Amino acid sequence: MAQPSHPRHHPLAPGGSTDVLARLVCEQLGTRLGQNFVLENRPGAGGNIGMDAIAKSAPDGYTQGPATIANLSIAQFLYAKLPFDPEKDFSVISMHWELPNVLVAPAQFCPANTAQEFIAWAKSRPNGVSFGSPGVGTTAHLSGSMFCDRQKIDGQHVPFRGAAQIIPAMLSGDLTFALDNLASYMPVIQEGRMKAFAVTSPERWPSLPQIPTMAEAGIPDFVVTSWCTWVGPAGIPRPIVDRVNAALKDVAADPAMQARFLQTGAKCVWSTPEAASAYAASQRPMLKEMVRISGARME
């Protein structure tokens, strides 16, 4: 089977958790497939620029990359118009990684020690609370909005460029809490500067086993994980899809890679192409409702 000599991958944005994990994957795929993987960042428009580049590339296996929950299951409800169809314009190769959001607040300014204590404290604040996210329509924004809506908390969303700006705002007392990707908050949680009250995964997360799930913390029906698939443009020949899928399966089964992913707060996973597509589809009704609750809309 002919394989491209220099496959090019388009992640969503440089420096974020997706970029860091994608670089790990490219390194491993290059070793396993004997190819030179060149990682090209195409940031902008919540990842839509990079996804459009993948969708419009030739279906020959040269161009692949990570597609997140935001790209495949949120964007169509958030944006008035997309340059691609999330359901038709991609060959989904495998699920690739998953991580929960975590409910956190700065230890210096928040007296609560449990999720229920935090909820009571947040409700008692005369001017309400503020929560940060890496941008409108992210899982952190949607999770925070749904949390405040369900718990009847007066919450104000404050968008930032990323966790690198959100964390200092919380540590300085300018922001009350976040319900953001665990990967970004692992260091400050481990240092004790942030209190972690609950994770949004269905089970306790391996890299933070002492923190309860939302359900264990008395907040039912609140399972929201951020996940990423590996995709190419629609129409990639099945033999190429199967070869890359098999390599990704090897990556996910590698104990060293599992450990490296967990160090970032994520979990390395694998699936068949069909299972990955089905999972993305199954998430859309819940995420559509979360977008509605948030009131977010992007042109």
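Which residues is F147 in contact with, leaving aside its neighbours within four places in sequence? I found L103, F118, I119, I153, F177, L179, M214, I219 and F222, where contact means heavy atoms within 4.5 Å.

I note that this is a predicted model, in which local features need pLDDT of at least 70, side-chain atom pairs count only at pLDDT 80 or more, and totals for chains, interfaces and linings use all residues. Residues are numbered from 1 along each chain as its sequence is written, and side-chain values use heavy atoms, with hydrogens and water left out.

I looked up the aromatic cluster next. F147 belongs to one cluster with F118, W121, F131, F177, F197 and F222. Rings of Phe, Tyr and Trp (its six-membered ring) pair if their centres lie within 6.5 Å; planes under 30 degrees apart count as stacked, over 60 as edge-to-face and the rest as tilted. My search of the whole structure gave 10 aromatic pairs. One of them is F84 with F90, edge-to-face at 5.5 Å centre to centre and 75° between the planes.

I then checked strand β8, residues 194-199. Strands here are DSSP runs of E, at least two residues, numbered from the N terminus. In β8, 6 of the 6 residues are buried, so the strand is largely enclosed by the rest of the structure. Strand β4 (residues 90-106) runs antiparallel to β8, joined by 5 bridges; two strands pair if DSSP finds at least two bridges between them. L103 has A198 of β8 as its bridge partner.

Definitions and conventions: Buried means under 20% relative accessible area, exposed over 50%, partly exposed in between (1.4 Å probe, protein chains only). Helices (H or I, at least four residues) and strands (E, at least two) are DSSP runs, numbered from the N terminus.
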